[in-house]
Amino acid sequence: MHKHITLLALLAAMQRKEKGFAYFETHAGGGAYDLSASSEVAGGFGRLAAARVQADELRNYLELVAQFRLQRNQPLAYPGSALIAAARLRPQDRALFSEIERAQARGLERELAGYPLMRVEAADGFERLRAWLPPPQRRGLTFIDPPYEDTQQDFDQVIACLVDALQRFATGVFAVWYPIKQQREIRAWQGRIRRAVTADTLAAEMWLYPRDSRIALNGSGLLLVNPPYQLAERMRVWLVELHAHLADPGAGGTSIEKLTSVR
């Protein structure tokens, strides 16, 4: 939810200008998911859906998911980031999705069959990003969401990817999702980001459990490189509200920290 609400906010910010932009996704997945088998629905999305949300960003997200379910007549269907983007992109925008797992890439192709301006590649998104950038539109949003099966390897690849991408497209907007599992590991990685990335970078985090506990996933983080104007200010409003709806009383927290600043 943290990831997808942020994605919607980024897309809305890019669309403040009439000129089209390119949307790139490096690890797009299969597109749609069935939450009926998930044990976390009641405590996660279910809590938010049952709440009286105040922030426009939360309301827009809930409306998109509700419309997605209505169109499919599937009450527990859930759109992945690729389908969330597809629902919001305009005729003047373009999208390119990469997914290394061939079966998932084919599934995403089927999901996007009604969107002729969007293309899916069965490829390593880290590698393909080099060919994609810079886009002809000279405006772009790149969403990077690796699986973190080998967390340290993916952390290394994210840094290398951002450094290379900014050399090719210094004004691009980049969003990187990352898991919060161990506080020491996250802080060491963010220290490397500070030294390597030569663009304005925010780290927006939400956690529901102690940041160094042994639970598999304690929280969610997003690196936002070249964040759009006022994005951080709005996140300080809706991220706090999202956390309040999801967390047990007194548990977890949120933070929005500027890692690098060049402006």
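Two strands pair if DSSP finds at least two bridges between them. Helices (H or I, at least four residues) and strands (E, at least two) are DSSP runs, numbered from the N terminus. In strand 10, Ile 256 is the bridge partner of Ala 204. Strand 8 (residues 201-207) and strand 10 pair in the antiparallel sense, over seven bridges.

This is a predicted model, in which local features need pLDDT of at least 70, side-chain atom pairs count only at pLDDT 80 or more, and totals for chains, interfaces and linings use all residues. Residues are numbered from 1 along each chain as its sequence is written, and side-chain values use heavy atoms, with hydrogens and water left out.

**Overall build**

The protein chain has nine helices and ten strands. Its C-alpha trace spans about 45 × 45 × 35 Å along the principal axes. The radius of gyration is taken over C-alpha atoms, and the globule rule is 2.2 Å times the number of residues to the power 0.38. For 263 residues, a compact globule would have a radius near 18 Å; the protein chain has 18 Å, so the two agree.

Eight strands form an open sheet with mixed pairing, in the order 5-4-1-6-7-9-8-10. Strand 5 (118-121) and strand 10 (253-260) stand at the edges. Each has a single partner strand, so one side of each is left without a neighbour in the sheet. From one strand to the next, the twist averages 15°. Strands of a sheet pair through backbone hydrogen bonds, either parallel or antiparallel.

**Helices on the sheet**

Axes are lines fitted to C-alpha atoms, for helices over the stretch in contact, and angles run from 0 to 180 degrees between N-to-C directions. Contact means heavy atoms within 4.5 Å. Helix 4 lies across strand 1 (22-25), strand 4 (94-98), strand 5 and strand 6 (140-144). Helix 4 runs at about 170° to strand 1. Helix 9 (residues 231-246) also packs on the sheet, touching strand 8, strand 9 (219-225) and strand 10. The direction of helix 9 makes about 155° with that of strand 10.

**Helix pairs**

| Helix pair | Angle | Axes |
|---|---|---|
| Helix 1 (residues 2-14) and helix 4 (residues 81-88) | roughly 30° | within 10 Å |
| Helix 7 (residues 151-168) and helix 8 (residues 183-196) | about 15° | 10 Å apart |

Angles under 35 degrees count as roughly parallel, over 145 as roughly antiparallel, 65 to 115 as roughly perpendicular and the rest as oblique. Helix 1 is therefore roughly parallel to helix 4. Likewise, helix 7 is roughly parallel to helix 8.

A crossing is left-handed if the near helix is turned anticlockwise from the far one by less than a right angle, and right-handed if clockwise. Helix 1 passes helix 4 in a right-handed crossing. His 4, Leu 7, Leu 8 and Leu 11 of helix 1 meet Ser 81, Ile 84, Ala 85 and Arg 88 of helix 4.

The crossing of helix 7 and helix 8 is right-handed. Contact residues include Phe 155 and Leu 162 of helix 7, and Trp 189 and Arg 192 of helix 8.

**Two backbone details**

Most residues other than glycine have a negative phi, and most peptide bonds are trans. The peptide bond from Leu 133 to Pro 134 is cis, with omega near -5°. Pro 134 lies in the loop between helix 6 (125-132) and strand 6. Asn 226 has a positive phi, near 55°. Asn 226 is found in the loop between strand 9 and helix 9.
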